[in-house]
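Dear colleague,

Here is the structure I said I would pass on. My notes on what turned up follow below it.

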Amino acid sequence: MSKPTRTSIIIRESRKRAGLTQQELADKLGITTGAVSNYENGVSFPKAEVAFGLCDILDITPRELFESE
């Protein structure tokens with residue numbers, strides 16, 4: 001099992017703050033709920049186009065998302 005990263009925690013907290021479920025976020029991004037879960041659990045990192053979509057939907061800046069641990 002992977003350890004959550006700073007980025008994964010930001011994705012999860014921002015999604016919850018936006019009042020979205022993993023399914024709703026996945027639908028908005030055109031990806032699977034499994035992918036969202038993997039991002040939130042530090043299993044994988046979103047590709048650039050998905051990462052920028054996350055920033056738009058979750059109202060966070062790329063800097064907030066990509067800042068070093």
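The UniProt annotation, from an unreviewed entry, places a "domain: HTH cro/C1-type" at residues 11–65.

Please keep in mind that the model is predicted. The mean pLDDT of the protein chain is 93, with 96% of the residues scoring at least 70. By element, the highest mean pLDDT, 98, belongs to helix α2 (residues 22–29), and the lowest, 90, to helix α5 (residues 62–66).

On the core: the largest nonpolar core has 16 residues, and those touching the most other members are L25, L54, L58, I60 and L65. At least two residues of this core come from each of α1 (6–17), α2, α3 (33–40) and α4 (48–58). The largest contribution is that of α4, with five residues. As for L54, once its neighbours within four places in sequence are set aside, its contacts are I11, L25, L29, P46, D59 and I60.

Which residues of α3 are buried? They are A35, V36, Y39 and E40. These four lie on the same side of α3, because they cover an arc of only 135° around the axis. The elements covering the buried residues of α3 include α1, α2 and α4. Just after α3 comes G42, which has a positive phi of about 75°.

Regards

Methods. Residues numbered from 1 in each chain as written. Predicted model: local features only at pLDDT ≥ 70, side-chain atom pairs only at ≥ 80, totals over all residues. Heavy atoms only, no water. pLDDT = per-residue confidence, 0-100. UniProt positions renumbered as here; feature names shortened; annotations may be inferred. Core = buried A, V, L, I, M, F, W, Y, C linked by side-chain atoms within 4.5 Å. Buried < 20%, exposed > 50% of the residue type's maximum accessible area, 1.4 Å probe, protein only. Contact = heavy atoms within 4.5 Å. Arc of directions from axis to C-beta.
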